[in-house]
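Subject: Structure handover

Hello,

Here is the structure I promised to pass on. Please open it first, then read my notes below.

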Amino acid sequence: QVQLVESGGGLVQAGGSLKLSCAASRNIASVKAMAWYRQAPGKQRQFVAVITSGGTATYADSVKARFTISSDNAKKTVYLQMNSLKPEDTAIYYCNAEAYDNRLYWGQGTQVTVSS
């Protein structure tokens with residue numbers, strides 16, 4: 001059963017922008033945090049950004065000042081605005097959610113490809 005669905009990935013030239021979205025199913029209880037991770041070929045899944053239900057955001061050093069995470073708690077939706085994209089940002093981006101019952105959920109991923 002798919003409970004997190006990412007969208008917004010695609011192909012973009014270096015320096016361009018994309019905005020990713022992740023919507024949680026109504027079957028998921030209220031979440032206390034939602035996050036983005038990414039995984040490039042041959043590499044481990046890497047933390048990108050997280051935002052709590054209180055609105056506190058944290059970013060990986062590699063994306064600070066370029067990416068912005070935001071959320072709509074009522075709709076259980078998280079966004080990732082990605083600006084000044086670099087080829088090294090190329091990866092599958094995964095949405096993650098932690099509910100107040102401590103259950104963890106992962107989306108199926110959306111591909112982001114940044115060309116030189």
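Let me start with aspartate 89. At 1% relative accessibility, aspartate 89 counts as buried, since buried means under 20%. Please keep in mind that this is a predicted model.

Where does aspartate 89 sit? Aspartate 89 is in the loop between β8 (77-82) and β9 (91-99). Which residues does aspartate 89 touch, leaving aside its neighbours within four places in sequence? The contacts are Arg38, Arg66, Phe67, Ser84, Val112 and Val114. The side chain of aspartate 89 also reaches the backbone nitrogen of lysine 86, at 2.8 Å. Then look at threonine 113. Threonine 113 and aspartate 89 are 24 residues apart along the chain. Their C-alpha atoms are separated by 7.5 Å.

Next, the disulfide. The structure holds 1. Cysteine 22 is joined to cysteine 95, with an S to S distance of 2.0 Å. The angle about the S-S bond is -85°, and the link of cysteine 22 and cysteine 95 is left-handed. Cysteine 22 lies in strand β3 (residues 18-24) and cysteine 95 in strand β9, so the pair ties together parts that are 73 residues apart in sequence. Are these two cysteines buried or exposed? Cysteine 22 and cysteine 95 are both buried.

Now the aromatic rings. How many aromatic pairs does the structure hold? There are 2. One of them is formed by tyrosine 37 and phenylalanine 47. The arrangement of tyrosine 37 and phenylalanine 47 is edge-to-face, at 5.7 Å centre to centre and 75° between the planes. Tyrosine 37 lies in strand β4 (residues 31-39) and phenylalanine 47 in strand β5 (residues 46-52), so this pair ties together parts that are 10 residues apart in sequence. Tyrosine 37 counts as partly exposed, at 23% relative accessibility. Phenylalanine 47 also counts as partly exposed, at 27%. Tyr37 and Phe47 belong to one aromatic cluster with Trp106.

Tryptophan 106 brings me to the charges over rings. The charged end of arginine 45 sits over the ring of tryptophan 106, 4.8 Å from its centre. Lysine 19 has its charged end over the ring of tyrosine 79, 5.0 Å from the ring centre.

- aspartate 89, in its loop between β8 and β9
- the disulfide of cysteine 22 and cysteine 95
- the aromatic cluster of Tyr37, Phe47 and Trp106

Best wishes

Conventions: Residues are numbered from 1 along each chain as its sequence is written. This is a predicted model: local features need pLDDT of at least 70, side-chain atom pairs count only at pLDDT 80 or more; totals for chains, interfaces and linings use all residues. Side-chain values use heavy atoms; hydrogens and water are left out. Rings of Phe, Tyr and Trp (its six-membered ring) pair if their centres lie within 6.5 Å; planes under 30 degrees apart count as stacked, over 60 as edge-to-face and the rest as tilted. Helices (H or I, at least four residues) and strands (E, at least two) are DSSP runs, numbered from the N terminus. Buried means under 20% relative accessible area, exposed over 50%, partly exposed in between (1.4 Å probe, protein chains only). A charge sits over a ring if NZ of Lys or CZ of Arg is within 6 Å of the ring centre and within 35 degrees of the ring normal. Contact means heavy atoms within 4.5 Å. A polar contact is a pair of N or O atoms within 3.5 Å; within protein, one must be able to donate a hydrogen and the other to accept it, and residues adjacent in sequence count only if both atoms are side-chain atoms. A disulfide is a pair of cysteine sulfur atoms within 2.5 Å.
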